[in-house]
Amino acid sequence: MFEGSLTVWVDADRAGVLEDIAAQFEEERGVTVELVTKDFGAIRDDFITQAPTGNGPDIIVGAHDWLGKLVQNGVVAPLELGDKAGEFQEVAITAMSYEGQNYGLPYSVENIAMLRNVDLAADEPATFDDLIAAGEASGAEYPFLVGLDPAAADPYHLYPLQASFGAPVFEITADGTYDPTALALGNEGGEAFAIQLAEWGAAGILNTNISGDIAREEFVAGKSPFFLTGPWNLPAIQEAGINYSIDPIPSAGGETASPFVGVQGFFISSRSENTLAANEFLVNYIGTEAVQTALYEVGGRAPALLTAFEAAKSNADVAAFGEVGANGNPMPNVPAMDVVWSDWGSTEVAIINGQGDPVELWRAMVESIQSKIDG
Amino acid sequence: MSHPSPASPLAAPVPPAPAGALKPPRSSSSTRGILIKIALLSIIDAIAVFGLFMLFLQESWIPFAIVLAVTVLVNWIYLTPGWLPAKYLTPGLLFLAVFQIFVVVYSGYIAFTNYGDGRNGTKDDAISTILLTAQERVPDSPTYRVTVLEQFGEYFFLVTDPEGEVSLGSADSPLERVTDFGTDSTGRADSVPGFTTLGFADLLGNQRAITDLAVQVSDDPNDGALRTPDGSNAYLYLSSLSYDAATDTFVDRQGTVYRDGGDGAFVNDSGRELIPGWTITVGFDNFVKAFTTENIRGPLISVTIWTFAFAILSVATTFALGLFLAIVFNKPNMRGKKAYRLIMILPYAFPGFLSGLVWLGLFNEDFGYINQVLFGGASIPWLNDPWLAKFSVLLVNLWLGFPYMFLICTGALQSIPEELTEAATVDGAQPWAVFRLIKFPLLLVSVAPLLISSFAFNFNNFNIIYMLTGGGPRDVSAGVDAGATDILITLVYKVAFGEGTGRDYGLASAFAILIFFIVATVSIISFRQTKALEELN
């Protein structure tokens with residue numbers, strides 16, 4: 001008889017939900033599941049360090065953009081979803097795959113959208129210019145808000161605007177995945193976006209001193225009709241009684257302003273000895289509508305499983321964010337992203353604050369990122 | 001200040017009789033002492049035996065030998081009479097070995113390896129992971145229903161294909177049609193006479209063997225093999241790579257050969273690496289890299305100067321303010337002294353990184369308290385201007401660091417005998433002269449070593465820089481990662497953990513060793529200087 005047990009690293013929010021399903025798994029399959037609660041931010045690096053020693057967990061919870069780093073370190077095993085793959089949102093499956101292999105069982109999908117204070121701006125703007133015009137006409141203190149950082153701006157939040165100029169980070173191949181060898185930041189669209197960033201910075205539309213917290217406070221205080229943010233800020237906005245609407249992000253450069261989609265899920269360790277049990281637990285227990293719905297209810301992130309997602313859409317906010325996310329691209333999960341974020345952010349700060357010619361700064365950034373990727 | 005004692009044992013070789021004479025009084029209370037000793041020792045031994053048992057099971061022989069040797073040594077020290085110094089020192093020495101010596105030696109070892117992202121395991125693990133990820137499911141191939149059977153210790157797949165045809169195969173024998181089989185209610189073949197059918201619970205005992213089992217669909221390996229991830233469904237896979245243990249090479253389906261390139265990875269002739277790689281020792285490569293990496297070499301001089309300036313100014317400002325406040329609050333007839341002192345010490349009680357984040361908010365150019373309230377809405381770029389950022393970092397470090405200096409100066413001042421001050425005053429010295437010529441030199445004698453250690457601490461004060469400015473502001477047009485407030489340790493962090501292939505622990509350890517040498521040199525020189533102060537005493 002099998003004596004071992006499955007060890008799962010989860011964050012505190014997920015642990016409660018998994019307790020029930022773990023108990024059910026133990027009863028039906030005879031395998032104990034040990035849930036180890038860890039700080040979400042520490043899971044990736046601790047797992048990379050511990051897995052090679054043979055004492056790591058069998059399963060971890062994680063974000064899809066960790067995948068490149070996990071594969072690079074050889075600590076995750078491919079996961080065959082079989083026919084089940086079709087039961088998930090397509091973007092979630094794309095996000096969980098790396099170099100043609102699927103590695104994770106997704107449970108949630110999230111992205112940003114444009115929040116509008118309906119009392120200050122009655123109509124949905126068609127373009128970003130219209131949005132600024134409507135923002136200025138509203139008489140509010142800020143025409144538009146987005147949380148940035150004085151040292152690192154926020155390439156994640158600004159990405160939809162950049163994408164509308166036709167400048168993704170890497171070239172997107174035919175099957176919807178990224179080609180990590182082909183940096184697309186430096187194309188003409190990227191430079192046009194840089195010029196636009198400088199203009200927005202000079203006009204005060206973008207201000208790197210407005211952090212995420214400040215932006216939320218000001219929007220909640222009714223000081224701006226528009227706020228580019230994700231579902232995590234909704235509770236504060238609802239509490240303040242703001243009459244809001246969740247709109248698609250208007251295009252600034254002519255093309256679709258597609259946001260980054262972040263997918264969360266579970267991964268199996270390549271050093272796990274409990275491969276069958278781990279596979280069974282993920283595919284047939286975590287991948288069920290009941291569990292996906294329970295995970296959605298505790299975290300507020302839209303479920304990755306289609307049936308659970310459809311059910312969650314009865315909540316108008318989830319449906320609206322989901323609609324915006326349908327146009328999104330998964331955040332790149334290649335290991336080189338660590339390098340990209342840092343240069344990308346500090347260059348955006350310099351451009352927004354007018355510290356040099358935007359095109360030259362942008363080109364220097366592309367060159368720097370390329371040289372670091374090449375090693 | 002150890003003066004050679006004239007009565008030292010070397011000088012007077014007296015027989016050991018007096019030492020023995022000191023012992024007898026212990027005998028009455030020693031029963032309880034022995035019991036406590038035995039209880040404590042047995043707890044330690046129980047833990048050691050458990051540890052040894054676990055290490056034995058894991059076949060970790062070197063740690064096993066070390067734990068065994070230490071356990072025997074500890075028992076021997078405490079069970080044999082005599083060896084009194086060893087009895088006192090052993091616990092401390094053990095902790096020193098575990099928490100200091102081992103860590104230092106291990107970092108030293110890491111500096112000579114390529115341990116880091118993509119190179120973090122053994123070669124065997126790397127090979128098995130490469131083989132694992134090389135299994136590619138044949139596009140558009142169907143799902144096969146399987147039942148795992150067993151006969152004479154060998155596992156078999158009983159496969160029901162989508163057309164309902166049933167066949168049997170194992171690792172050594174490709175699938176062959178069978179006609180004599182039983183089915184379950186869904187039409188899945190689930191038994192063959194002479195074979196044992198294994199259910200999910202039966203498979204759990206040997207999971208890896210089941211998921212690693214590949215049954216070829218025909219004699220030709222290029223047709224692919226069936227594998228099951230869950231014990232009930234199988235999929236058709238083709239391996240994109242095959243490993244030949246004899247030549248230690250991987251070959252892909254196009255015939256490209258990947259060899260062990262000597263760099264901890266399999267590479268082909270055009271330089272493409274298979275991931276993951278593995279950890280190897282690389283000699284002095286990391287040290288060479290530390291001096292040749294462009295991102296370190298470029299800004300090295302300016303960053304080194306700023307690191308010294310930051311460390312020296314941090315010590316100087318905190319010491320000056322701490323000493324000033326200590327003198328002020330040392331006035332014997334001051335009221336409410338305790339309350340003041342308590343408030344003074346508060347910043348010391350906050351964790352450095354937390355204070356960094358709080359100050360970050362206070363310094364915000366448009367919304368921070370400092371600009372909004374203290375400067376009436378001015379837009380002063382406290383953290384975004386290179387020189388102001390340097391000033392801000394020092395200011396926050398002053399706020400964080402003065403309570404420590406205040407504490408040690410208060411203690412040192414109180415230990416200076418009051419008579420000295422009185423004598424000087426009687427001799428007609430002014431208060432300033434009393435301080436400058438008498439109190440300050442005496443103070444320095446006891447405080448100087450702490451100033452040196454404070455310098456060493458600030459030299460590597462990662463928290464405050466990282467949390468407050470992240471090393472910035474950075475001149476992005478200059479093409480280097482170093483910002484205006486980057487000190488050596490934060491620059492090293494950026495280079496070793498933020499570039500190329502990701503985190504490079506080997507390079508980081510090499511840098512750590514180099515920085516250690518800088519700090520050690522400065523400290524040794526300073527300690528030599530303070531010897532001169534001690535002569536005063």
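**Note on a predicted two-chain model**

1. Chain A is divided into domain 1, covering 5-110 + 261-330, and domain 2, covering 111-259 + 333-374. The model is predicted. Between the C-alpha centres of domain 1 of chain A and domain 2 of chain A the distance is 28 Å.

2. The contact between these two domains takes 23 residues from domain 1 of chain A and 19 residues from domain 2 of chain A. On the side of domain 1 of chain A that touches domain 2 of chain A, at least two residues each come from α3 (67-72), α4 (90-95), β4 (97-98), β13 (260-268) and α13 (316-325) of chain A. Of that side, α13(A) supplies the largest share, five residues. Sorted by class, the side of domain 1 of chain A that touches domain 2 of chain A holds seven nonpolar, 11 polar and five charged residues.

3. Next, a helix pair in chain A. Helix α14 (residues 337-352) of chain A and helix α15 (residues 358-374) of chain A have axes that come within 10 Å and cross at roughly 170°. The two helices, α14(A) and α15(A), are therefore roughly antiparallel to each other. Their crossing, that of α14(A) and α15(A), is right-handed.

4. The residues of α14(A) that meet α15(A) are V339(A), V340(A), D343(A), W344(A), T347(A), A350(A) and I351(A). From α15(A) come P358(A), L361(A), W362(A), M365(A), S368(A), I369(A), K372(A) and I373(A). By class, 11 nonpolar, two polar and two charged residues make up the contact of α14(A) with α15(A).

5. One backbone point in chain A deserves a look. A153(A) has a phi near 45°, which is a positive value in a residue other than glycine. Most residues other than glycine have a negative phi. A153(A) sits in the loop between β8 (145-146) and α6 (155-163) of chain A.

6. Chain B is divided into domain 1 (34-110), domain 2 (135-239) and domain 3 (294-536). The C-alpha centres of domain 1 of chain B and domain 3 of chain B are 39 Å apart.

7. In the contact of the two chains, 47 residues belong to chain B and 47 residues to chain A. Two or more residues of the side of chain B that touches chain A are given by each of α5 (123-133), β1 (135-137), α6 (200-203), α7 (207-212) and β11 (233-239) of chain B. The element that gives the most to this side is α5(B), with five residues. The classes on the side of chain B that touches chain A are 14 nonpolar, 23 polar and 10 charged residues.

8. Strand β11(B), listed above among the elements on the side of chain B that touches chain A, also has several pairings to check. With β1(B), β11(B) pairs in the antiparallel sense over three bridges, and Q135(B) stands opposite S239(B) in β11(B). Strand β2 (residues 144-151) of chain B pairs with β11(B), again in the antiparallel sense, over two bridges; here R145(B) stands opposite N233(B) in β11(B).

9. Strand β10 (residues 225-227) of chain B runs antiparallel to β11(B), and three bridges join the two. The bridge partner of R227(B) in β11(B) is Y235(B). β10(B) and β11(B) form a hairpin with five residues between them. In the turn of this hairpin, G231(B) has a positive phi of about 85°.

10. Chain B also has an open sheet of four strands, in the order β12-β13-β14-β15, with antiparallel pairing. At its edges are β12 (241-244) and β15 (266-267) of chain B, each of which pairs on one side only. β12(B) pairs with strand β13 (residues 249-252) of chain B in the antiparallel sense, over four bridges. Within this pairing, S242(B) stands opposite V251(B) in β13(B).

11. The last point is a peptide bond in chain B. I275(B) and P276(B) are joined by a cis peptide bond, with omega about 0°. Most peptide bonds are trans. P276(B) is placed in the loop between β15 and α8 (285-292) of chain B.

How values were computed:
Residues numbered from 1 in each chain as written. Chains lettered and ligands numbered in written order. Predicted model: local features only at pLDDT ≥ 70, side-chain atom pairs only at ≥ 80, totals over all residues. Pairing = 2+ DSSP bridges. Axes fitted to C-alpha atoms, helices over the stretch in contact; angles between N-to-C directions. Parallel < 35°, antiparallel > 145°, perpendicular 65-115°, else oblique. Left-handed = near helix turned anticlockwise from the far one by under 90°. Contact = placed C-beta atoms within 7 Å. Nonpolar A, V, L, I, M, F, W, Y, C, P; charged D, E, K, R; others polar. Domains from an automatic or database assignment.
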